[in-house]
Amino acid sequence: MITPVLLSGGVGSRLWPISTPESPKQLLRISGDESLLQAAARRVMGMEEASRPVMVTSRSLGRRMIEHLEEIGCAPAAVLTEPVGRNTAPAAMAAALWADPDDLLLGLPTDHLITDVEAFRTAIRQGIGPAERGELVIFGIEPTHPHPGLGYLEVGSGPGVKRVRRFVEKPGVETARQMLESGDYLWNGGMFLSRAGVLRKVIARLLPSVAETVAEALTTAVGGGDGTLELGDCFEEAPSVSVAKGLWERADRVLAVRMDAGWSDIGSWEALGEALGRDDLGNVVSGAAVVEAGEWVQVHSQGAKTAVVGVSDVVVAVANGRVLVASREMWEQAGETIERLESLF
């Protein structure tokens, strides 16, 4: 039986201001009426191989996350809350320690978009056999274009479960194009499948400080009174490291399953625009907004009527009492400006 682990601690800061620490990306209803979190939970709720999920999220958002799951009739087996975010490796260790060593843990980011649910489930089922035999299994996304901002797995061409030859993190555009043309590479989608006991041992060997700190945090955890289990404050001392950098890139052997399921990490304004769909002029309009006499304009307005007239190649986002206006070429470089703004007011 698979125990899904809903990894819900991210902030999605590159989509500020529609995604903020108080209202992160996984709670956004980007496609249809369901939030990204709800869609992630529903994908595994429909699998007969899956039990009730475990969720790892921030202490401040635990109750809101539970409410989103309750809306779709999902009752998590546990909600582990972190005092501060420490990336996915400590979160995975917390889930592995909570679970029975023989449980199959399916780590799932909850702020990604997947449009082909059956293809997703088929790929997960392909990984069950190897994971039950003690292998570390990750799911590589069939790339659709040369994306320089993602991690890549070299696995060779053809179907089936393959051993990962190497990892390439965020290559340049030309290198990404060559990888795409070769057919030997997949995007790293951040999903994994492993026995809890195997995951514990790998983390203890490769990230001993993570293993020790998270074990103490779980030992000192207390009930939050809202259905959550609050990890001890010592969790803050755990190194902030992802499973990709801390585990998969350093493990002796990692297997990959190809997944072609209409995946997007919605990790940028460009990716969000593609997910929502552009008109003939490249424009994207979401919320109470209109665009006139402009091309490649992306407008997202929550709670305010917004008009964008006579400009092109710009993103305008209005949400959570904040406004972002940025040229298309500077979408990805706005982080420092946003941090400065948040620190000033």
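1. Rings of Phe, Tyr and Trp (its six-membered ring) pair if their centres lie within 6.5 Å; planes under 30 degrees apart count as stacked, over 60 as edge-to-face and the rest as tilted. By this rule the structure has two aromatic pairs. Helices (H or I, at least four residues) and strands (E, at least two) are DSSP runs, numbered from the N terminus.

2. The model is predicted: local features need pLDDT of at least 70 and side-chain atom pairs count only at pLDDT 80 or more, while totals for chains, interfaces and linings use all residues. Residues are numbered from 1 along each chain as its sequence is written, and side-chain values use heavy atoms, with hydrogens and water left out.

3. Buried means under 20% relative accessible area, exposed over 50%, and partly exposed in between (1.4 Å probe, protein chains only). W187 counts as buried because its relative accessibility is 3%; W263 is buried at 11%. The rings of F192 and W248 have centres 5.5 Å apart and planes at 55°, so this pair is tilted. F192 lies in β10 and W248 in helix α8 (residues 243–248), 56 residues apart. Both are buried, F192 at 2% and W248 at 3%.

4. A charge sits over a ring if NZ of Lys or CZ of Arg is within 6 Å of the ring centre and within 35 degrees of the ring normal. R328 has its charged end over the ring of W296, 4.0 Å from the centre. R43 lies over the face of F120, 5.6 Å from the ring centre.

5. An open sheet of four strands runs in the order β15-β16-β17-β18, with mixed pairing; two strands pair if DSSP finds at least two bridges between them. β15 (284–292) and β18 (322–327) are at the edges with a single partner strand each, so one side of each has no neighbour in the sheet. β16 (residues 297–309) and β17 (residues 314–319) pair in the parallel sense over five bridges, and Q298 stands opposite V315 in β17.

6. In helix α7 (residues 208–219), the 12 residues should span 16 Å at 1.5 Å a residue, and the end C-alpha atoms are 17 Å apart, which agrees. The expected span is 1.5 Å times one less than the number of residues. Its buried residues include V210, V214 and L218.
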